[in-house]
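Colleague: I am new to this one. Could you please show me the structure and then take my questions in turn?

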Amino acid sequence: MSTSSTDIRAGHFGQFGGRYVPEALIGALDEIESAHNAAQKDPEFLAELAHLHKTYSGRPSIITEAKRFAEHAGGARIILKREDLNHTGSHKINNVLGQALLAKRSGKKRIIAETGAGQHGVASATAAALMGLECVVYMGEEDTKRQALNVVRMKLLGAEVVPVTTGSKTLKDAINEAMRDWVTNVETTNYLFGTVAGPHPFPTMVRDFQKIIGEEARAQVLELTGKLPDAVLACVGGGSNAIGIFYDFIKDKDVRLIGLEAGGDGVETGRHAATITGGTPGVLHGARSYLLQDENGQTVESHSISAGLDYPGVGPEHAYLSEIGRAEYRAITDAEAMYAFSLLCKTEGIIPAIETAHALAGALQVGRELGKDATLLINLSGRGDKDVVTAAEYFGIPL
Amino acid sequence: MTTPLDQLFTKTRSENRAALIAYIPAGYPTQEGCKAVIDAFADAGVDAIEIGFPYSDPVMDGPTIQEAANTSLEAGTGAKEVFEALAHATARGIPSVVMTYWNPIEKYGIEKFAKSIASNSGSGVITPDLPVDEALPWTTATHSSEINSIFVVAPSTTDARLEKVTAQCSGFVYAASLMGVTGARTGISSGAKDLVDRIKKVTKIPVAVGLGVSTREHAKEVAGYADGVIVGSAFINALNSADSLDSGIKAVRTLVEQLALGVREGRG
């Protein structure tokens, strides 16, 4: 639902969130907001979505206890929520199925999406194919190179992939270009935003479609261990998988919520994407949140080995959870993430997405801090098939 | 309060014509070149000038202004250069405003930004990505600095919302002629006149039309129903197609002269 424990007024999370967009988009955002609010109360919509979850994307996703990995994390109990096993390989499908259903109900024939790592683009192309919608995906040219496999997947699924050559040629610029398309084609087109950032209602709506992760995981962990976890960890770029697993635990005050941002070469080097850890409040892409910016309010380019986390902004609800002290955010460097990536491959037989590896590196830290009596729940947000070339280059494995 | 911009529209209304409003990003094509463009605007008959604050993520702008903004940013343009350009324009006696996305204002300091506009004799600020719903801190600052707050409306803006937005506007209402981004186009969207007519039903504030206006014919057509004609990308194109700054400035001057005729021809 669009009202929640953290919404102070609709679309705002304390001083964060809101809508900072051209007036041309206000009507479309209002339309999506009311369609979403109506759908969340409509048993038919909810049943249709639940049916897709069960018969198409494979929900509920399972949990896996990572015992061999846990030996490297101070002996803490490590439980993985397996969003990597969803159809299309990540949590992104949860949001996309919801938004594509809404687009269809609103009579739109065309959807557009931005993508960084390509996971949201692939999920959008998938949902468009399933529902018979035209799909255009904007992707930074830089990302089309480092995630070439996902570009092919989107094309196979019938989507048009537009490489974006402006600015830093990454996710930030893909969002700008998608917004420009939307301003122009708003009557026929819905913008399927991929994360919990952007103007209201996107942060709220995307969270509503992702919170199923935490709802399932909370019950699954309770069933397995008989108690709530001590901490819930997830990687944070825009923050959709993190808000998805955090949300149902916000009320459980004793459960620590820990977001792991992309520290790149290290926050102190300035070459990172750790927006809450190393950024300042401001407005980017339609909402007030933390961002990486210079003294003139210009967005500073982010850096991360992970295309999906390589974003200089973050969802406003995370900014708020950080400000009120309910969630904590830490930066994980490329090197720490790649170590955890390799470790999960070799100890558990699971190749995670490099994005997700940031959460796993966080688990190694937090596990050692809390010791062997602790239980950590980690959102294994995506699988790493798309990252094998990057990993091969990183580890010097000849292709 | 009455700003030079307010006085301009009183004058152009008495002359039964539209005002010609010209846009250039600060620092484009260079810091000195920008001042030369402003001089050409002033000499050739522009009525009001918009100084653009170049921004890294300009979602309302098409490729022409995006690239100009990038060039300017790479040359180090920041708030200081924006206010210098503004001061240069107002020193020429031309009513002038700054057009900027919201984040540079917030980063500079909301009140401080409004004060710096006023202290450089600027008339106001156009904020293309600040909906009135989030604008209270800004309009509070513009009121206390006695400058105009200019908001942009679009063909998709409902009548009810037009009333709400124009209630917060002063100086003029910026009517985007079409659903889309800035950039020169071959014709003026038919939606522009409908939008201006709808705006005029809810407010007496002057209405200026922008997006896609690039020729004398366009200016004439828009001047038939609007109080102001805004041209931006066409000047950047003129500069970009010239082989030197001098010939670019000449081309800008010629274009201004043509447009200045257009804004005087529209009322038949």
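**Questions on the model**

Modeller: A:Pro201 sits in a loop of chain A, between β8 (189-191) and α9 (202-210); helices (H or I, at least four residues) and strands (E, at least two) are DSSP runs, numbered from the N terminus. A cis peptide bond, with omega about 15°, links A:His200 to A:Pro201.

Colleague: Which residues does a cis peptide bond join in chain B?

Modeller: B:Tyr28 and B:Pro29 are joined by a cis peptide bond, with omega about 0°. B:Pro29 belongs to the loop between β1 (19-25) and α2 (31-44) of chain B.

Colleague: Where do these values come from?

Modeller: This is a predicted model, in which local features need pLDDT of at least 70, side-chain atom pairs count only at pLDDT 80 or more, and totals for chains, interfaces and linings use all residues. Residues are numbered from 1 along each chain as its sequence is written, chains are lettered from A and ligands numbered from 1 in the order in which they are written, and side-chain values use heavy atoms, with hydrogens and water left out.

Colleague: What is the mean pLDDT of chain A?

Modeller: The mean is 95, and 98% of the residues of chain A reach 70 or more; pLDDT is the predictor's confidence in each residue, from 0 to 100. Over residues 1-8 of chain A the pLDDT is below 50, and this stretch has 28 contacts in the model beyond near neighbours in sequence (contact means heavy atoms within 4.5 Å).

Colleague: On to salt bridges. How many are found over all chains?

Modeller: A search of the whole structure finds 45 salt bridges, each being a side-chain nitrogen of Lys or Arg within 4 Å of a carboxyl oxygen of Asp or Glu. One of them pairs A:Glu83 with A:Arg59, with the closest N and O atoms 2.7 Å apart.

Colleague: What does that pair tie together?

Modeller: A:Glu83 is in the loop between β4 (77-82) and α4 (92-105) of chain A and A:Arg59 in the loop between α2 (43-57) and β3 (63-65) of chain A, so the pair ties together parts that are 24 residues apart in sequence.

Colleague: Are those two residues buried or exposed?

Modeller: A:Glu83 and A:Arg59 are both buried; buried means under 20% relative accessible area, exposed over 50%, and partly exposed in between (1.4 Å probe, protein chains only).

Colleague: And which residue forms a salt bridge with B:Asp227?

Modeller: The partner is B:Lys200, with the closest N and O atoms 2.5 Å apart. B:Asp227 lies in the loop between α10 (216-223) and β9 (228-231) of chain B and B:Lys200 in helix α9 (residues 191-202) of chain B, so this pair ties together parts that are 27 residues apart in sequence. B:Asp227 is buried at 7% relative accessibility, whereas B:Lys200 is partly exposed at 36%. Elsewhere, salt bridges that share partners join A:Glu23, B:Asp133, B:Arg161 and B:Lys164 into one network.

Colleague: New topic: which residues other than glycine have a positive phi?

Modeller: Among them are A:Lys169, with phi near 60°, and B:Ser121, with phi of about 65°. A:Lys169 lies in the loop between β7 (160-164) and α8 (171-185) of chain A, and B:Ser121 in the loop between α6 (110-119) and β4 (124-126) of chain B. A:Lys169 is partly exposed at 27% relative accessibility, and B:Ser121 is partly exposed at 45%.
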